[in-house]
Amino acid sequence: MQHYWDERFRTQGQIWGTVPSPTALTAAALFRQAGVRRVLVPGAGYGRNTKAFSGDFQTEALELSPEAVELGRRWDPKTTFHIGSVLDPEAMEGGIDGIFAYDVLHLFLEEDRRRFIANLLKWLEPGGLVYATCLSDEDPHCGTGPSPEPGTYEYMPGKSAHFFSEEDMLEHFRTFTVLSTGHIGETLHYGEGGGTKEYKLRMIAARKPH
Ligand SMILES: C[S@@+](CC[C@H](N)C(=O)[O-])C[C@H]1O[C@@H](n2cnc3c(N)ncnc32)[C@H](O)[C@@H]1O
């Protein structure tokens, strides 16, 4: 997977432009209200969304692609970027009280999705918040292409994603106290004349129990 992402960031740079997702602004408001101080953005890419946090919070990013991290350190110097995998429980030390996980969970097959969520739980302080987004089963790509596991489709050659129903998302976060869920259409603006893409996301805000 690292090769795929490195290649994309090396050839396309800031792939999705520089404007944060509206969900990052919502999560930042939630974190502010809850008195969060230390935020982690796992799978942060080049920091498109870290900037929505790094002005107000001590912000750290964990990202697999060294190419993305190099871009991120230049784009958002206030965020501390770590190169590592969200699937490695030792990649972060813990002590985090807010996690913004944008479009990462759906990249993995079931075993790794469970591992990722177990790591989020490990890295969060008791009472800490997670705000996650993932592809929705109402996205037009859902159901297209070969299906290696239920709900997961290789919708483009070499590119798979898991498409979440509301129940599926709630089931994945069953070890958390769920605060809210949502469903939105987002428009991705590809950088430098690359056009736009509409897609459907689900969001979940949840708290690690004390
Ligand atoms: C769909 S992109 C989302 C990027 C970012 N959240 C944004 O919107 O700008 C997924 C990101 O997760 C990273 N990634 C994929 N697998 C990872 C892993 N196991 N550990 C850490 N990052 C990973 C990719 O390199 C890529 O930057």
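Is Thr 177 buried, partly exposed or exposed? Thr 177 is partly exposed, with a relative accessible area of 40%, a value that falls between the 20% and 50% cut-offs. The model described here is a predicted one.

## The chain as a whole

The protein chain contains six helices and nine strands. Its radius of gyration is 16 Å, which agrees with the value near 17 Å that a compact globule of 210 residues would have. Along the principal axes, the C-alpha trace spans about 40 × 40 × 30 Å. Of the 210 residues in the protein chain, 48% are buried.

## The largest pocket

The largest pocket holds about 850 Å³ of space. Its lining is made up of 41 residues, and Trp 5, Trp 16, Asp 103, His 106 and Leu 107 are the ones that lie nearest the centre. By class, 24 of the lining residues are nonpolar, ten are polar and seven are charged.

Several secondary-structure elements take part in the lining. At least two residues each come from helix α1 (2-12) and from the strands β1 (38-42), β2 (58-63), β6 (152-156), β7 (159-162) and β9 (196-207). Helix α1 gives the largest share, with four residues.

One of the residues nearest the pocket centre is Asp 103. This residue sits in the loop between β4 (96-102) and α5. Asp 103 counts as buried because its relative accessibility is 14%, under the 20% cut-off. Its backbone has a positive phi of about 55°, although the residue is not a glycine. Most residues other than glycine have a negative phi.

## Residues in their surroundings

| Residue | Relative accessible area | State |
|---|---|---|
| Phe 116 | 1% | buried |
| Ala 44 | 12% | buried |
| Thr 177 | 40% | partly exposed |
| Gly 55 | 53% | exposed |

Phe 116 belongs to helix α5 (residues 110-123). Leaving out neighbours within four places in sequence, Phe 116 is in contact with Pro 42, Val 86, Leu 87, Ala 101, Val 104, Leu 105 and Phe 108. Phe 116 is buried, since its relative accessible area is 1%.

Ala 44 is located in the loop between β1 and α3 (51-54). Apart from neighbours within four places in sequence, its contacts are Thr 50, Ala 61, Leu 62, Glu 63 and Phe 81. One of these partners is Ala 61; the two C-alpha atoms of Ala 44 and Ala 61 are 5.7 Å apart, and the residues are 17 apart along the chain. With 12% relative accessibility, Ala 44 counts as buried.

Gly 55 also lies in a loop, the one between α3 and β2. Its relative accessible area of 53% makes it exposed, because exposed means over 50%. Gly 55 and His 162 are 107 residues apart in sequence, and their C-alpha atoms are 32 Å apart in space.

Thr 177 is in strand β8 (residues 177-189). Not counting residues up to four places away in sequence, Thr 177 touches Ala 206, Arg 207 and Pro 209. Thr 177 and His 106 are 71 residues apart in sequence, and the distance from C-alpha to C-alpha is 20 Å.

## Cysteines

How many disulfides does a search of the whole structure find? The search finds zero. Cys 134 is in no disulfide, and the nearest cysteine sulfur, that of Cys 142, is 12 Å away. A disulfide is a covalent bond between the sulfur atoms of two cysteines.

Cys 134 counts as buried, at 2% relative accessibility, whereas Cys 142 counts as partly exposed, at 25%.

Notes. Residues are numbered from 1 along each chain as its sequence is written. This is a predicted model: local features need pLDDT of at least 70, side-chain atom pairs count only at pLDDT 80 or more; totals for chains, interfaces and linings use all residues. Side-chain values use heavy atoms; hydrogens and water are left out. On a 1 Å grid over the protein atoms alone, a cavity is a set of points where a 1.4 Å probe fits but cannot get out, and a pocket is an open set with protein on both sides within 12 Å along at least five of seven lines; lining residues have an atom within 4 Å of a point. Grid points are joined across faces, edges and corners, and a volume is the space filled by probe spheres set on the points. Ala, Val, Leu, Ile, Met, Phe, Trp, Tyr, Cys and Pro count as nonpolar, Asp, Glu, Lys and Arg as charged, and the others, Gly among them, as polar. A disulfide is a pair of cysteine sulfur atoms within 2.5 Å. Buried means under 20% relative accessible area, exposed over 50%, partly exposed in between (1.4 Å probe, protein chains only). Contact means heavy atoms within 4.5 Å. The radius of gyration is taken over C-alpha atoms; the globule rule is 2.2 Å times the number of residues to the power 0.38.
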